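Colleague: I am new to this structure and would like to learn how to read it. Could you take me through it feature by feature?

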Amino acid sequence: MTGHHHGRIRGGFIEHTIEGLHAAMDKALYAEHSASASGLLQRLDPRVKVAALAAFILVSAVTAKLWVVAAVLLLAMILAALSSISLWVLATRVWLTTLTLSGALALPAVFLTPGTVIYRVPGLDLAASAQGLRTAALLVLRAETAATLALLLVFTTPWTHVLKALRMFRVPVVFVVILGMTCRYILLMLETAHEMFESRKSRTVGALTRGEQRRIAILSTGALLSRTLQLSNDVYLAMQARGFRGEVFILDDFRMKGR
Amino acid sequence: MHIPDGYLSPSSCAALYAGSAPFWYMALARVKKALHTRLVPLISLFSAFCFLIMMFNLPLPGGTTGHAVGIGLATVVLGPWAAMLAVSVALVIQALFFGDGGITAIGANCFNMAIVGSLVTYVCYRAMAGRSPLASFRRVVAAGLAGYLAINVSALLAAIEFGIQPLLFRDAMGTPLYCPYPLSVSIPAMMIGHLTIAGMAELIVSAGLVALLQQSDPSLLKATAGAATTLKELGPGRGTRRLHTLWAGLCTLMILTPLGILAVGTAWGEWVASDFSNPAIRQQIAGASFQQPAPEHAPKGLEQLSQVWTAPFSHYAPPYIRSATFGYFLSAMFGAGLIILACSLMGQFMRGLRQ
């Protein structure tokens, strides 16, 4: 199989992966940037933010009324505007991806849910029901609202603070430490993987067959695994060198201030 | 398979958080004991690795692409408990920081993929790899198949969680409030994709990377290598460890008990006296008995004997509890509790006899 006849496959896997890695790094960078901007949510104590945003997510999950979910989403949009996060950013980074994923899952429900028929697709044996429409709207709106609220937290709070705030919910220290360490190394490994694929792409001439692509994918995963293990060994030695003896301390220095 | 927000009802989410909690607790307790070892950075780095390979879209035979979750490999290298934590952490970060998978559904996603996934991998891998040497090809096959099975069991669990939503949660107009697809839609929809694409991706990654580790660093495969190599390391606590696994299994079964409510029809041979005068149930009895009509009246003996004892939790639904699901659950707790109590009393008694 040559790339001549299959233009779309040409380097498809490598480019696709690079794109995905790039998008993730981009998101992380944007979060870091927007968390240090000045705005309403950036000024709030992280614990208040975590509790309040979690409460909003819960409200939108519990309610059976569409307008309540829509109101929570509207509130999230107002909070975003007050925290110097533009609606364009929300639309491109949150709403679009959630809509494609959740929308694809929710769309068949319009036709599959039995109930009062409000529209028949001409020529096909498909009928949209009022109940189906409502349930699909609920699904999409709920997913959008929860995703917006979660990213509001991430976009307005440095991740170290998000993790510290989790302690308020009695999340065990070990878990928070592992979570924090993972967050840190995800960024490093995203970069490593990105570089790996970039260099592979620059060395690739012509088209790859699917078998070759698969082989590259497995080998790159393997290379990444061996780097992971090496890095974990290095980190362990570094922890020991700095006197780590199994006790974990985290700085809990959030203070509520009057405004 | 990442369940988004809004597809599971808050009560289902809460139940799955509660189902995950004891496993997380035990996993954390184990890790805490080993905190001075290299396990902490290894778990962290592994969960970063899992996060990354979820982004690699593997080209699969047949022209599609799919991504692996890394449960298979994580379990083979770290063991089931540490793998549970590593995959859970990756899922939490995905949901919280990258919007993949719902915040409310973190418990459900962790339960399906991290917890059940790593337990299934562990059991299958140990069973299939047996006592074969670390570098044997049998271990490669075992890891691949274990990963494949784990992904499919996780997908089936997610499909069941989706499928029971329309049965349990509807508003007055009949609008499903959460996932609208019944089991007859959700199970095939989930399983077709996972039996083929996602399962294949996990199989390729698990088998390929175990083969790679066999050559580069076989010592990493020791943690789950089986009785021959781990007996010494596990030491005297081995018996209780086995028991822990059994306890965990029992907990899972208890949490899953409300599924019993979904079964239709009556259990064959478990009819009560009044069933024989109910036309609808008579028809069910006939249908389940090769169209043999049920007797006109309840058998005399059945009628007399059924008066002797009335169960406190008749039909697994205590009359003072409104919610059938909760009643069922409570019955399971009560029943299992009684059995455990009876067994421990018997154990005490036997020990007394021996001394």
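Modeller: Let us begin with the largest nonpolar core, which has 151 residues, and in which Leu152(A), Ile43(B), Cys50(B), Ala74(B), Ala82(B), Ala86(B) and Val87(B) touch the most other members. Helix 4 of chain B gives the most to this core, with 16 residues. This is a predicted model, in which local features need pLDDT of at least 70 and side-chain atom pairs count only at pLDDT 80 or more, while totals for chains, interfaces and linings use all residues. Residues are numbered from 1 along each chain as its sequence is written, and chains are lettered from A and ligands numbered from 1 in the order in which they are written.

Colleague: What is meant by a nonpolar core?

Modeller: In soluble globular proteins, nonpolar side chains tend to be buried together. A core here is a set of buried Ala, Val, Leu, Ile, Met, Phe, Trp, Tyr and Cys residues joined through C-beta atoms within 7 Å. A residue is buried if 20 or more other C-beta atoms lie within 10 Å of its own, exposed if 12 or fewer, and partly exposed in between, with C-beta atoms placed from the backbone.

Colleague: Which residues does Cys50(B) touch, not counting residues up to four places away in sequence?

Modeller: Cys50(B) touches Val69(B), Gly70(B), Ala74(B), Ala86(B), Val87(B) and Ala90(B), where contact requires C-beta atoms, placed from the backbone, within 7 Å.

Colleague: How should I read helix 4 of chain B, and how many of its residues are buried?

Modeller: Helices (H or I, at least four residues) and strands (E, at least two) are DSSP runs, numbered from the N terminus. In helix 4 of chain B, 19 of the 19 residues are buried, so this helix is largely enclosed by the rest of the structure. After helix 4 of chain B comes Gly99(B), with a positive phi near 65 degrees.

Colleague: Is strand 1 of chain A enclosed or in the open?

Modeller: Of the 5 residues of strand 1 (residues 117-121), the number buried is 0, so this strand lies largely in the open. Two strands pair if DSSP finds at least two bridges between them, and strand 1 of chain A pairs with strand 2 (residues 126-129) in the antiparallel sense over 4 bridges. Arg120(A) stands opposite Ala127(A) in strand 2, and in the hairpin, which has 4 residues between the strands, Gly123(A) takes a positive phi near 85 degrees.

Terms used: Contact = placed C-beta atoms within 7 Å.
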